[in-house]
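Let's take a walk through a protein together. Have a look at the picture first, and then we'll go through it piece by piece.

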Amino acid sequence: MSEAPSKPLNFLQQIITKDLDSGNTTKLITRFPPEPNGYLHIGHAKSICLNFGLAEDFGGHCNLRFDDTNPAKEDMEYVESIQRDVEWLGFQWPGEVCYASNYFDQFYEWALHLIKEGKAYVCHLSPEEAKEYRGWATKPGKESPYRNRSVEENLSEFEKMRAGEYEEGACSLRAKIDMASSNMNLRDPILYRIRKQAHHQTGDKWCIYPSYDFAHGQGDAIEGVTHSICTLEFADHNPLYRWFIENLPVPNKPVQYEFARLELNYTITSKRKLKQLVDEGHVDGWDDPRMPTISGMRRRGYGAAAIRNFCEMIGVTRSGSTIDMGQLEYCVRDSLNSDAPRAMCVMNPLRVVITNLSESQTMTQPVHPNREDMGQRDLPFDRELYIDRADFNEDNSLSRKKFKRLVAGEYVRLRGAYVIKHEDTIKDEAGEITEIHCSLVEGTVGENPPEGIRPRGVIHWVSAANSIDCEVRLYDRLFNDEAPDAGDKNFLDCLNPESLTVVTGCKAEQSLANAEPEVSYQFEREGYFCLDSKHSEDGKVVFNRAIGLKDNWASKV
């Protein structure tokens, strides 16, 4: 019997359970088959979690296979980034990474098989002519004048293609199926194209390359994949997938199933458009923290567990729908709230002099208020501190309900330290506040103040002498339109001009000098942040905001 998850099964789990219980499948084998022509995005994360997750749930395994059939658009940079992303999400493939290019010799032999069976032919129609002959969804196509060549002539022509005797676009190898089919994918699809370009795996061995459709299913068959799980846009390709499996001497017969791809509002997932953002400099590379790429989310400070939880939360269905960005952000906040160490960082520092502090002290605070296992951290408490300028106002007529921070002549508590009272305000010649003088109330560390002293609230702080200088990058959603590429919109017109705010001159507690990239902290009262992996170098410290403490977009829509 299969060992399915204990909660209600989605439709794919039901299919797999039935196949295992009936003996139709003895061991589940899935695969994640990206094309290495860009960085993976949040939609790919759903597919990764689904394919690897199903394999884990049912005691099978999931291959990582690169469907690398188009060297013109592929690069080892993408190959390496995809492997990092899969591993970062917490999954591991068995053995070596697979490549469709590993099977090019076999694909070529199977192409010859189709030619010999009279089921494939070399077509010399130009790309423009082939498009015209193909017809429309409501209009049958026309047969190519080269469709009824003899087997011998097709074998000869195909060998010339392989030998490089024809230029790119001069001809192609096509399957002979049905030019009148209502499914456009069955109208004599291309099996091989001429591409006189070196391949990142095979070098200059080939100048003809199989189409994605021809390579995909046969790669599944070679690897023994039992359940080939794709997104719904491949549903129309399923009949072609089956045609190849039925008409080739493949060692196994995988079956393709489709599920609804992840559609997230305020986001685009088109690789072409994401590449355009990178190439035109609208973002700082594929791993820009505003990008929906896995590497971008990782650099921003999103955790792998949050993304896995999000993919689990939205479920797996056959019907498409748009998921609200707020659901992903909820999962990120929920994960970080549970696991992120706490720290303090003052974004807009205002110097505070504690006039009655004779010598420096050390305040001890928990690394996490609800996680004793994370230990304690020591914070130097010196005569000179920094608080945020937004936490002080000279107007003491402000109501306590509206301003729960420090005002002239009144009290406030410093987080994990003393209650202090404002005594004096120092200004420069222009009337700008340069520092404030305060006195501390003895005996108020971890204790209530004496009767009659009512602090307005609690604010964060850092030591002036024992803090680190840093830059903080406040990231927000890249687009301010919930459907930036819908209809005839130009998605570039929907870019959010406030998606990045750079704040310099910030002061952070000294423990953050040991921060590492991809480890997020809650900067108390500010949000969740992590050390930037790209710009924190040569002594410069840059923190990226992963997400705010609250959803500020809910009130905008």
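Which residue in β26 does Cys345 stand opposite? Find Cys345 and look across: the residue facing Cys345 is Ala508, in β26. Keep in mind that you're looking at a predicted model.

Now for the strands around that spot. β13 and β26, which covers residues 500–509, pair in the antiparallel sense, over two bridges. In general, strands of a sheet pair through backbone hydrogen bonds, and they can do so parallel or antiparallel. Zoom out and you'll see an open sheet of seven strands, running in the order β12-β27-β28-β29-β25-β26-β13, with mixed pairing. At the edges sit β12 (342–343) and β13 (345–346), and each of them pairs on one side only.

The largest share comes from α2, with seven residues. Sort the lining by class and you get nine nonpolar, five polar and six charged residues.

Finally, the rings. There are 22 aromatic pairs in the whole structure. Ring pairs link up one cluster whose members include Tyr103, Phe107, Tyr108, Trp206 and Phe244. Tyr108 also has a charged neighbour: Arg162 lies over the face of its ring, 4.4 Å from the ring centre. Elsewhere, Arg298 lies over the face of Trp88, at 5.3 Å from the ring centre.

Terms used:
Residues numbered from 1 in each chain as written. Predicted model: local features only at pLDDT ≥ 70, side-chain atom pairs only at ≥ 80, totals over all residues. Heavy atoms only, no water. Helix = DSSP H or I, 4+ residues; strand = E, 2+ residues; numbered from the N terminus. Nonpolar A, V, L, I, M, F, W, Y, C, P; charged D, E, K, R; others polar. Phe/Tyr/Trp six-rings, centres within 6.5 Å; stacked < 30°, edge-to-face > 60°. Lys NZ or Arg CZ within 6 Å of the ring centre and 35° of its normal. Pairing = 2+ DSSP bridges.
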